[in-house]
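Dear colleague,

I am passing on the structure below, and after it you will find some notes on what turned up. Please read them alongside the model.

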Amino acid sequence: MTQIQIHPSAGYVGAEISGIDLSQTLSDTELEQVKNTLFEYGVVFFREQTMRPEDHIRLAEQVSEIDINRFFKPVDGYPKIAEVRKEPDQTVNIGSMWHSDHSYDTAPAMGSILVAREVPPYGGDTVFASMYAAYDHLSDGLKTTLEGLKAWHTSSGFAAPADKEIGDRLGGQDRVTPDVLQNVVIKHPVTGRKALYVNETFTVGFEGWTAEESKPLLDYLFAHAVKPAFCYRFSWRPGSVAFWDNRVVQHLAINDYHGHRRLMHRITLKGVPLQ
Ligand code: SIN
């Protein structure tokens, strides 16, 4: 049997796992290792995989129920898989601002599994930032201020995407739900570690604060959360897979490959309301 190996990718976030074939059902031991590494490092990477969409769905369902994203166009024939596509003639990509998937839901998606289907000849990397590190590096004073504070998260940006081009790949006024409150500092449901939980795409203000009052502190937290030391930049190759924990990381897709196609398949996994 191939030995499972775990190689940390950076100081605070990400680990590459080798010795696991994702085209097969994971054994209990493999599943435990993947989950434990995911919860500790925030995102796990796999290389040189040959997963069919059926394998992608099976892997996801071994971890949790699938939480179908209501805004993304699904992959033809696979309603549980969201398509993340940018064509050579398109200029705008999906996910170009820092975010945590589904933070606008009462029970945000616990994780997301992204499989590279077609990668550009260069660029198109995804950057991950550790929200454990972001929290740990706040001063004790600011930690005290944030403890017990809640922030509003909104899906309203999907109602009418500013850009018509992206509107064809995302969107839907009828699927926007009321804004939700999330704790600014969450406790990971499995590790019990604290993590910062605000992101520039979906977080719009603190509970009981005006927009004007919220903005300076939110801007500070958005910038602090993604300091380079807390980040890892992942370069995709054919057969690459990334599986991240939305409670531990934020991510951003770099849009630097105009004139080339990038096609990814994403599954989001059901989570629980955050504490
Ligand atoms: C996403 O925001 O989930 C997509 C990330 C990517 O395409 O790299």
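By class, how many nonpolar, polar and charged residues does the shell around the ligand have? The shell has four nonpolar, four polar and three charged residues, where Ala, Val, Leu, Ile, Met, Phe, Trp, Tyr, Cys and Pro count as nonpolar, Asp, Glu, Lys and Arg as charged, and the others, Gly among them, as polar.

Please bear in mind that this is a predicted model, in which local features need pLDDT of at least 70 and side-chain atom pairs count only at pLDDT 80 or more, while totals for chains, interfaces and linings use all residues. Residues are numbered from 1 along each chain as its sequence is written, and side-chain values use heavy atoms, with hydrogens and water left out.

Around the ligand, strand 15 (249-253) and strand 16 each supply at least two residues of the shell; strands here are DSSP runs (E, at least two residues), numbered from the N terminus. An oxygen atom of the ligand lies 2.9 Å from an N or O atom in the side chain of His99, and for Arg262 the distance from a polar side-chain atom to an oxygen atom of the ligand is 2.8 Å. The protein covers 100% of the 260 Å² of accessible area that the ligand has on its own (Shrake-Rupley method, 1.4 Å probe).

Strand 6 (residues 111-118) has six of its eight residues buried, so it is largely enclosed by the rest of the structure; buried means under 20% relative accessible area (1.4 Å probe, protein chains only). Strand 6 runs antiparallel to strand 16 (residues 262-269), joined by seven bridges, and Gly111 has Leu269 as its bridge partner there.

With best regards

Methods: Buried means under 20% relative accessible area, exposed over 50%, partly exposed in between (1.4 Å probe, protein chains only). Helices (H or I, at least four residues) and strands (E, at least two) are DSSP runs, numbered from the N terminus. Two strands pair if DSSP finds at least two bridges between them. A polar contact is a pair of N or O atoms within 3.5 Å; within protein, one must be able to donate a hydrogen and the other to accept it, and residues adjacent in sequence count only if both atoms are side-chain atoms.
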